[in-house]
Amino acid sequence: MNVKYIPFYSDNYSYIFKTEKDKCFSLVDPGGTKTVLKYIFEHEYLIDKIFLTHKHSDHIGRFDQLYAALTDFYKNKLNLPNHTIEV
């Protein structure tokens, strides 16, 4: 399994992972929206699942913005208009 840790704020992490069978990465608790997006965009990771494990704002804050930015990135930057992200 390929796991990446994305630190944000002073004491939190988001994670992206994929198994050898997966074509795309899954994203877990993307609370640090700016930091998480920057990391994904820089590496051009393709996310097809997002897991939100609980409702604390440090784990789901600005989720709508993150989802919209990812959708736009895949459609317009990576030219994948039919890519979907399951939440």
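1. Helix H1 and helix H3 meet through two sets of side chains: Thr33, Val36, Leu37, Ile40 and Phe41 on H1 are in contact with Leu66, Ala69, Leu70, Phe73 and Tyr74 on H3. This is a predicted model, and the points below should be read with that in mind.

2. Two packed helices are described by the angle between their axes and the distance between the axes. Here the axes of H1 and H3 come within 10 Å and cross at roughly 15°. Angles under 35 degrees count as roughly parallel, and H1 and H3 are therefore roughly parallel to each other. The crossing of H1 and H3 is right-handed.

3. Next, the sheet. Strands of a sheet pair through backbone hydrogen bonds, either parallel or antiparallel. In this model four strands form an open sheet, in the order S1-S2-S3-S4, and the pairing is mixed. S1 and S4 stand at the edges with a single partner strand each, so one side of each has no neighbour in the sheet. On average, neighbouring strands of this sheet are turned by 20° against each other, direction ignored.

4. S1 (residues 2-8) and S2 (residues 12-18) run antiparallel and are joined by seven bridges. S2 and S3 also pair in the antiparallel sense, over three bridges. S3 and S4, by contrast, run parallel, and four bridges join them.

5. Some individual partners can be checked in the structure. Val3 has Phe17 in S2 as its bridge partner, and Phe17 in turn has Ser26 in S3 as its bridge partner. Further along, Leu27 stands opposite Ile50 in S4.

6. The hairpin of S1 and S2 has three residues between the strands, while the hairpin of S2 and S3 has six.

7. Tyr9 and Ser10 belong to the loop between S1 and S2. Is Tyr9 buried or exposed? At 57% relative accessibility, Tyr9 counts as exposed, because the cut-off for exposed is over 50%. Phi of Tyr9 is near 55°, a positive value in a residue other than glycine. Ser10 also counts as exposed, at 74% relative accessibility. The C-alpha atom of Ser10 is separated by 17 Å from that of Tyr39, which is 29 residues away along the chain.

8. Asp29 also has a positive phi, of about 50°, although it is not a glycine. Asp29 is found in the loop between S3 and H1. With a relative accessibility of 6%, Asp29 counts as buried, the cut-off for buried being under 20%.

9. Pro7 lies in strand S1, and its bridge partner in S2 is Tyr13. Leaving out residues up to four places away in sequence, Pro7 touches Asn12, Tyr13 and Thr35. The relative accessible area of Pro7 is 47%, which makes Pro7 partly exposed. Pro7 and Leu78 are 71 residues apart in sequence, and their C-alpha atoms are 25 Å apart in space.

10. H1 lies across S1, S2, S3 and S4, and runs at about 140° to S1. H3 packs on the sheet by touching S3 and S4, and its direction makes about 170° with that of S4.

11. The largest nonpolar core has 16 residues. Which residues have the most contacts inside this core? They are Leu27, Ile40, Ile47, Ile50, Leu66 and Leu70. Strand S3 (25-28), helix H1 (33-43), strand S4 (47-51) and helix H3 (63-77) are the elements that give two or more residues to this core. H3 gives the most, with five residues.

12. Leu27 and Ile47 are, like Ile40 itself, among the residues with the most contacts inside the largest nonpolar core.

Technical notes
Residues numbered from 1 in each chain as written. Predicted model: local features only at pLDDT ≥ 70, side-chain atom pairs only at ≥ 80, totals over all residues. Heavy atoms only, no water. Core = buried A, V, L, I, M, F, W, Y, C linked by side-chain atoms within 4.5 Å. Buried < 20%, exposed > 50% of the residue type's maximum accessible area, 1.4 Å probe, protein only. Pairing = 2+ DSSP bridges. Axes fitted to C-alpha atoms, helices over the stretch in contact; angles between N-to-C directions. Contact = heavy atoms within 4.5 Å. Parallel < 35°, antiparallel > 145°, perpendicular 65-115°, else oblique. Left-handed = near helix turned anticlockwise from the far one by under 90°.
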